[in-house]
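Here's my note on the model you asked about. Have a look at the picture first, then go through the points one by one.

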Amino acid sequence: MPATGASDVFRENLAIILKEQGVSMSELARRIGTAQANISRIIHGKEQVTIDRAQRIAEALDVSLREILTEREISA
């Protein structure tokens with residue numbers, strides 16, 4: 001199902017990037033100084049992410065905020 005808004009795109013891309021990099025939610029949480037449950041709630045759409053937290057997540061994953069917020073092409 002395609003993303004419908006910026007928060008959907010962020011969540012989907014975050015999950016993809018974590019998988020691509022082999023980084024667990026626990027590891028990301030450790031890197032940004034939060035609980036793993038907070039990362040889980042973000043990915044599952046139960047918690048909105050602030051722009052500041054989104055930037056910290058991007059930095060922790062060594063990607064640009066733009067990369068996490070840009071809808072990816074669906075490959076066939």
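How many salt bridges does the structure hold? Five, where a salt bridge is a side-chain nitrogen of Lys or Arg within 4 Å of a carboxyl oxygen of Asp or Glu.

1. Before you read on, some ground rules. This is a predicted model, so local features need pLDDT of at least 70 and side-chain atom pairs count only at pLDDT 80 or more, while totals for chains, interfaces and linings use all residues. Residues are numbered from 1 along each chain as its sequence is written, and side-chain values use heavy atoms, with hydrogens and water left out.

2. Start with D8, which sits in helix α1, residues 6-21 (helices are DSSP runs of H or I with at least four residues, numbered from the N terminus). D8 is buried, at 17% relative accessible area. On this scale, buried means under 20% relative accessible area, exposed means over 50%, and partly exposed is in between, using a 1.4 Å probe and protein chains only.

3. What does D8 pair with? Its side chain meets that of R11 in a salt bridge of 2.9 Å, N to O. The two are three residues apart in helix α1, so about one helical turn separates D8 from R11. R11 is partly exposed, with a relative accessible area of 22%. As background, side chains of opposite charge can pair when their charged atoms come close.

4. Now look at A6, also in α1. A6 is exposed, with 52% relative accessible area. Follow the chain to I68, 62 residues apart from A6, and you'll find their C-alpha atoms separated by 9.5 Å.

5. Next up is helix α2, residues 25-32, where L28, A29 and I32 are buried. Look down the axis of α2 and its buried residues fall within an arc of 100°, so they line one face of the helix (the arc is that of the directions from the helix axis to the C-beta atoms). The buried residues of α2 pack against α1, α3 (36-43) and α4 (51-60), with contact meaning heavy atoms within 4.5 Å. Just after α2, G33 takes a positive phi of about 75°.

6. Keep an eye on E47, as two of the salt bridges involve it: R41 and E47 meet at 3.1 Å, N to O, and R53 bridges to E47 with the closest N and O atoms 3.1 Å apart. Is E47 buried or partly exposed? At 22% relative accessibility, E47 counts as partly exposed. R41 is partly exposed too, at 33%, whereas R53 is buried, at 17%. Elsewhere, salt bridges that share partners join E27, R30 and R31 into one network.

7. A search of the whole structure finds one cavity of 30 Å³ or more. A cavity here is a set of points, on a 1 Å grid over the protein atoms alone, where a 1.4 Å probe fits but cannot get out; lining residues have an atom within 4 Å of a point. Grid points are joined across faces, edges and corners, and a volume is the space filled by probe spheres set on the points. About 60 Å³ of space lies in the largest cavity.

Terms used
On a 1 Å grid over the protein atoms alone, a cavity is a set of points where a 1.4 Å probe fits but cannot get out, and a pocket is an open set with protein on both sides within 12 Å along at least five of seven lines; lining residues have an atom within 4 Å of a point.
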